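Trainee: I would like to work through this structure with you, one question at a time. Where shall we begin?

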Amino acid sequence: MRVGLAAGLSLVLWFLLPVSAQMTMTGSAAEGRRLFHAPTLGTNGLSCAHCHADFDEERQDDGLIRAGHSLYNAAARETWWGKDPKRPNAYRQIASAAVVCLEHYQRSATRLSAQQTMDLQAYLEAITRRPERAPLSVFPAGDLSGAYEGHGDGNRLDGQPLFMAACHACHPNGGAGIGPAIPRDRDPAFYARKVREGDGLGAVLTGIDPDAYDPAAGLFMPFFGADRLSQRQLRDIIAYIRSLPPLPADTAAKKSGRRGTPKSPPSRPRPR
Ligand code: HEC
Ligand code: HEC
């Protein structure tokens, strides 16, 4: 019923708008869908779809494990980014909350145009069939002690499909892609920290260190919260990574190189 009321209200507001504004103020859900899947929206090859499903993940498991939650049914939340509902919302609507991701994770150099924002908004509304009002619960799972102990006894065979589902999109077969090649010879704690804290945002949200995320550092690995990747799944993934053959020397040397700004020219085409 609330939906009907809101729709009725927006219709009323619509008629109150000057005609000139009405002509420019429509978003295209089809165009928004294209933007959602476009790796060209940002500068590092990531699209929204790398980190968010646009369907009901519980009913329609496609086998992928994404760092962010599905945006299905999400367009009518009271607040975004898990902010306190009693405090003023920093974002007017879902598309403005999404711009955080575009700038932070997709390293977009330019802002979305007003038209693109409306298109994205129209698409996120189109995939909202049963509006959820409650703010999203995020479960960051950084280790407050910083030690990340107990990640050493995973099963590499179980870890292989989990790696493919959660990490392969950015670290193809453990090599360099959108993200750098992953070293094989580090302690389990090294991997656990990276997955739980990502580019630092996971550490901020867990309360480990409010300054852990430095926007100027140019990092963009998303953290995986406890409801995205369980402790056991993480252990298995770590066992799998540590069982991989060592990196070829040339890839190891480039492991900190950013996509698009390789430290030396790649010797063979980069995997995509
Ligand atoms: C590299 C991964 C990544 C990319 C790319 C990304 N996001 Fe996100 N986004 C996240 C994470 C992690 C969160 C934190 C909340 C969560 O776990 O869903 C988030 C949060 C959000 C939220 C707030 C959700 C809420 O209910 O509070 C919205 C909306 C959103 N993203 C939309 C988008 C859109 C649209 C795009 C593309 C323009 C995008 N994101 C790109 C990872 C990403
Ligand atoms: C959306 C893209 C993306 C996904 C998905 C992703 N990573 Fe990353 N990863 C990155 C980027 C980018 C970096 C470089 C550092 C940064 O930006 O934070 C990185 C860095 C790392 C590093 C540190 C490498 C080094 O030499 O310091 C490790 C370890 C790692 N990722 C493991 C994983 C694992 C394990 C998964 C799956 C659970 C995963 N990543 C999923 C993008 C991603």
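Mentor: Let us settle a term before anything else: a residue is buried if 20 or more other C-beta atoms lie within 10 Å of its own, exposed if 12 or fewer, and partly exposed in between. Please keep in mind throughout that this is a predicted model.

Trainee: With that cut-off, how does Arg107 count, and why?

Mentor: Arg107 lies in the loop between α5 (94-104) and α6 (114-126), and it has a positive phi of about 50 degrees although it is not a glycine. Because it has 17 C-beta neighbours inside 10 Å, a number between the two limits, Arg107 counts as partly exposed.

Trainee: Asn173 also has a positive phi without being a glycine; how many other C-beta atoms lie within 10 Å of it?
Mentor: Asn173, with a phi of about 50 degrees, is placed in the loop between α7 (156-166) and α8 (188-197). It is classed as partly exposed, because the number of other C-beta atoms within 10 Å is 14.

Trainee: Is Asp227 buried or exposed?
Mentor: Asp227 is found in the loop between α9 (201-206) and α10 (231-243). Its C-alpha atom is separated by 9.0 Å from that of Ala141, a residue 86 positions away along the chain. Since Asp227 has 12 C-beta neighbours inside 10 Å, and 12 or fewer is the limit, it counts as exposed.

Trainee: What is the secondary structure of the protein, and in what order do its elements run?
Mentor: The protein has 11 helices and 0 strands, and 29% of its 272 residues count as buried. Among contacts with a separation of 6 or more, 71% are accounted for by residues 24 or more positions apart. From the N terminus on, the order of the elements is α-α-α-α-α-α-α-α-α-α-α.

Trainee: Which element gives the most to the largest nonpolar core?
Mentor: That core has 24 residues, and those with the most contacts inside it are Phe163, Ala166, Ile237, Ile238 and Ile241. At least two of its residues come from each of α7, α8, α9 and α10. The element that gives the most, with 6 residues, is α10.

Trainee: With which residues is Ile238 in contact, leaving aside its neighbours within four places in sequence?
Mentor: Ile238 is one of the residues with the most contacts inside the largest core. Once the neighbours within four places are set aside, its contacts are His151, Gly154, Pro188, Tyr191 and Ala192.

Trainee: Against which helices do the buried residues of α8 pack?
Mentor: α8 is mostly covered, with 7 of its 10 residues buried. The buried residues are Pro188, Tyr191, Ala192, Arg193, Val195, Arg196 and Glu197, and just after the helix Gly198 takes a positive phi of about 60 degrees. The helices against which the buried residues of α8 pack are α9 and α10.

Trainee: Why do the buried residues of α5 line one face of the helix?
Mentor: The residues buried in α5 are Ala95, Ala97, Ala98 and Leu102. They line one face because, seen down the helix axis, they fall within an arc of 160 degrees. The cover over these buried residues includes α6.

Trainee: Which element supplies the largest share of the shell around ligand 1?
Mentor: Ligand 1 is surrounded by 27 residues, of which the closest are Cys48, Cys51, Gly68, Ala98 and Cys101. The elements that give two or more residues to this shell are α4 (48-51) and α5. By class, the shell has 19 nonpolar, 7 polar and 1 charged residues. Its largest share, 5 residues, comes from α5.

Trainee: And which element gives the most to the shell around ligand 2?
Mentor: Here 25 residues surround the ligand, the closest being Cys167, Cys170, Gly179, Leu219 and Met221, and the shell divides into 19 nonpolar, 3 polar and 3 charged residues. At least three of its residues are drawn from each of domain 1 (27-126) and domain 2 (156-253). Both α4 and α8 supply at least two residues of the shell around ligand 2. The element that gives the most, with 3 residues, is α8.

Methods
Residues numbered from 1 in each chain as written. Chains lettered and ligands numbered in written order. Predicted model: local features only at pLDDT ≥ 70, side-chain atom pairs only at ≥ 80, totals over all residues. Near = placed C-beta within 6 Å. Helix = DSSP H or I, 4+ residues; strand = E, 2+ residues; numbered from the N terminus. Nonpolar A, V, L, I, M, F, W, Y, C, P; charged D, E, K, R; others polar. Domains from an automatic or database assignment. Core = buried A, V, L, I, M, F, W, Y, C linked by C-beta atoms within 7 Å. Contact = placed C-beta atoms within 7 Å. Arc of directions from axis to C-beta.
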